Amino acid sequence: MQKDAAGAERASLVSASETSSEQAVSKSTKTALLLKWGSLAVLMVQNSSAFVVTRYTRQGKPNELYLTSVVVLMVELIKMAICLLLLLRDARGSVRELCAELQHHLWVERRTTLLLGVPALCYAMQNNLVFVAISNLSAAAAQVLYQLKTISTAFFTVLLLRRSFRAAQWVSFLLLMAGVALVQSEDGKSSSAPTGAAPWLGVSAALTAASISGFAGVFLEKMFTSGGTSLWMRNVQLGLFAIPLQCIAIAQVDGQRVMRRGLVQGFHTSTWVVVAVQVVGALCTAVVIKFAGNVLKTFATVLALLLTCGSSMVLFDFHPTQLFFEGIGLVCVSVWLYARPGDVSDVLGSCRRKESSPRSAPLRRIPDDASEEELPPKDGQV
């Protein structure tokens, strides 16, 4: 009896342990799904709102507008503060442990920190160029042109990471270029272009920003895969270079205006909304890559592109033509091909298998009034 009681007790303990483990797994799965789809939704809204809100705040007299270089600096400062708070949370609230982690990654591994100065310089240039593009183009055209970073990313991926792409992905690059050409050819006919804008300057800024973004992203990915450092620490390392570089950019480009009217001249509530949107985008991208992957991130980018076009028609009196919509369609198809080349290969392979399979002889139709002699012989009959 005692053995049976002990066995029953052990069985109940095992059952309770399995139940608790299943509940823990279910809870972690729900949390992962929430982070996955929630971060994708936030990223989609952020990608679209970043272009729309920035374009909205750049309307007005040039002397009354905020300095875009100062906005980039504010974004870097706030992002640095948030990353430090997240690292402090990972250190269980211990300031001493946080300082030890910072000393190790920033000083002991200073060679890696110095290498991060390269993408930091690229991102500082990219952020400023995006503002120049949005100030001289419509929000939709600026975002579509910026999608050329897909091609620059592919080029530097082959060059730096020694990876290869499928045929469908290379086709997607050509479709992307065609779509961008259609969008740009129709942008000059849109009434949403700001007064006194220079479209050629906006195009040059967008293309340069796309190229720099591709190189910086691949370079940063190479460094991410070479160690186990958290994304928040990498952002701190980037900020060590990005903040001083942005201060130099402010001094060179807008130094006189800052001396006359101050650092935050032209700042309004909408300006701080732009800063908040940029910060959310920088942090949300890291979460999306970790929990959702780059494929779903690409689809979120396409949805954001369509949302930007719809918002521009409402807010900026944007009148797209048929060619503009065709260009948008080509961009969407190209991004889909780039993200899902396996689907195209599966469809083509299925078509080849159907063509190569032997076809059965067609069935002969028998008239309803056919006599017994005209019917085909049954099995076993001659």
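Among contacts in the protein between residues at least 6 apart in sequence, what percentage join residues at least 24 apart? I found 85%, where contact means heavy atoms within 4.5 Å.

**Basis.** I worked from a predicted model, in which local features need pLDDT of at least 70, side-chain atom pairs count only at pLDDT 80 or more, and totals for chains, interfaces and linings use all residues. Residues are numbered from 1 along each chain as its sequence is written, and side-chain values use heavy atoms, with hydrogens and water left out.

**Overall fold.** I counted 14 helices and 0 strands; helices (H or I, at least four residues) and strands (E, at least two) are DSSP runs, numbered from the N terminus. Of the 382 residues, 39% count as buried. Buried means under 20% relative accessible area, exposed over 50%, and partly exposed in between (1.4 Å probe, protein chains only). I noted an accessible surface of about 22,100 Å², 63% of it belonging to carbon and sulfur atoms; the areas come from the Shrake-Rupley method with a 1.4 Å probe, and for residues only the protein chains shown count as cover.

**Helix H2.** I compared the length of H2 (residues 68-90) with expectation: its 23 residues should span 33 Å at 1.5 Å a residue, and its end C-alpha atoms are 33 Å apart, which agrees. The expected span is 1.5 Å times one less than the number of residues.

**Cores.** I looked up the nonpolar cores, which are sets of buried Ala, Val, Leu, Ile, Met, Phe, Trp, Tyr and Cys residues joined through side-chain atoms within 4.5 Å. The largest has 26 residues, and Val 71 and Leu 87 have the most contacts inside it. H2, H3 (95-108), H10 (231-261) and H11 each supply at least two residues of this core, and the largest share, 9 residues, comes from H2. A second, separate core of 22 residues includes Tyr 146, Ala 210, Phe 324 and Val 331. Leaving aside residues up to four places away in sequence, I found Val 71 touching Tyr 66, Phe 131, Phe 267, Thr 271, Val 274 and Val 275.

**Arg 92.** This residue lies in the loop between H2 and H3. I recorded a positive phi of about 60°, although Arg 92 is not a glycine. Most residues other than glycine have a negative phi. Arg 92 counts as exposed because its relative accessibility is 68%.

**Surface patch.** Ile 78, Leu 263, Val 264 and Trp 272 form a nonpolar surface patch with about 320 Å² of accessible area together. I placed Trp 272 in H11 (residues 269-291); with a relative accessible area of 40%, Trp 272 is partly exposed.

How values were computed:
Patch = residues over 30% accessible without salt bridge, like charges linked within 9 Å, V, L, I, M, F, W, Y side chains within 5 Å. Salt bridge = Lys/Arg side-chain N within 4 Å of Asp/Glu carboxyl O.
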